[in-house]
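Hi there,

Here is the structure I promised to pass on to you. Have a look at it first, and then read my notes below.

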Amino acid sequence: MAKKQVWFEVEENETIEQCLERMKKDGYMAVGRREEPVFEEVNGEPVYLRQKIQFKGVLANE
């Protein structure tokens, strides 16, 4: 039995549209989104690396 709620992360080499298509293919529908910055420490200083984007998916009833 599939989980009713799953978080899908947009991969580094993937667009938002591709992530949403992947969710749809797995039977989920996006109902939420969260973003957070990803930092890397360089010489003791935090350096912005990228934005981490996740979509909250719930099972789609067809």
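Below is what turned up in it, going from the sheet to the core and then to the charged pairs.

First, the ground rules. This is a predicted model, so local features need pLDDT of at least 70 and side-chain atom pairs count only at pLDDT 80 or more, while totals for chains, interfaces and linings use all residues. Residues are numbered from 1 along each chain as its sequence is written, and side-chain values use heavy atoms, with hydrogens and water left out.

**The sheet and the helix**

Three strands make an open sheet, in the order β1-β3-β2, with antiparallel pairing. At the edges sit β1 (5–9) and β2, each of which pairs on one side only. Strands count as paired if DSSP finds at least two bridges between them. On average, neighbouring strands of this sheet are turned by 25° against each other, direction ignored. Helix α1 (residues 16–25) packs on the sheet and touches β1, β2 and β3, and its direction makes about 30° with that of β3. For those angles, axes are lines fitted to C-alpha atoms (for helices, over the stretch in contact), and the angles run from 0 to 180 degrees between N-to-C directions.

How many bridges join β2 to β3? There are 14, and the two strands run antiparallel. As an example to find on screen, Arg33 stands opposite Phe55 in β3.

Val31 is in strand β2 (residues 28–42). Leaving out residues up to four places away in sequence, Val31 touches Lys56 and Val58; a contact means heavy atoms within 4.5 Å. Val31 has a relative accessible area of 49%, so it is partly exposed. The scale is this: buried is under 20% relative accessible area, exposed is over 50%, and partly exposed is in between (1.4 Å probe, protein chains only).

Most residues other than glycine have a negative phi. Asn43 is not a glycine, yet its phi is positive, at about 55°.

**Inside the fold**

Which residues form the largest nonpolar core? There are 7 of them: Phe8, Val10, Cys19, Met23, Tyr28, Ile53 and Phe55. A core like this is a set of buried Ala, Val, Leu, Ile, Met, Phe, Trp, Tyr and Cys residues joined through side-chain atoms within 4.5 Å. Both α1 and β3 supply at least two residues each. Phe8 has contacts beyond four places in sequence that include Cys19, Met23, Tyr28, Ile53 and Phe55.

Phe8 also touches Gln54, which is found in strand β3. Is Gln54 buried or exposed? It is buried, because its relative accessible area is 10%. Its contacts beyond four places in sequence are Trp7, Phe8, Glu9, Gly32, Arg33 and Arg34. With Arg34 there is also a side-chain polar contact of 2.5 Å. That term covers a pair of N or O atoms within 3.5 Å; within protein, one must be able to donate a hydrogen and the other to accept it, and residues adjacent in sequence count only if both atoms are side-chain atoms.

**Salt bridges**

A salt bridge is a side-chain nitrogen of Lys or Arg within 4 Å of a carboxyl oxygen of Asp or Glu. By this rule the count is 5. One of them joins Arg50 and Glu9 at 3.5 Å, N to O. This pair links distant parts of the chain, with Arg50 in strand β3 and Glu9 in strand β1, 41 residues apart.

Glu12 forms a salt bridge with Arg50 as well, with the closest N and O atoms 3.8 Å apart. Glu12 is in the loop between β1 and α1 and Arg50 is in strand β3, so this pair ties together parts 38 residues apart in sequence.

Enjoy exploring it!

Conventions:
Helices (H or I, at least four residues) and strands (E, at least two) are DSSP runs, numbered from the N terminus.
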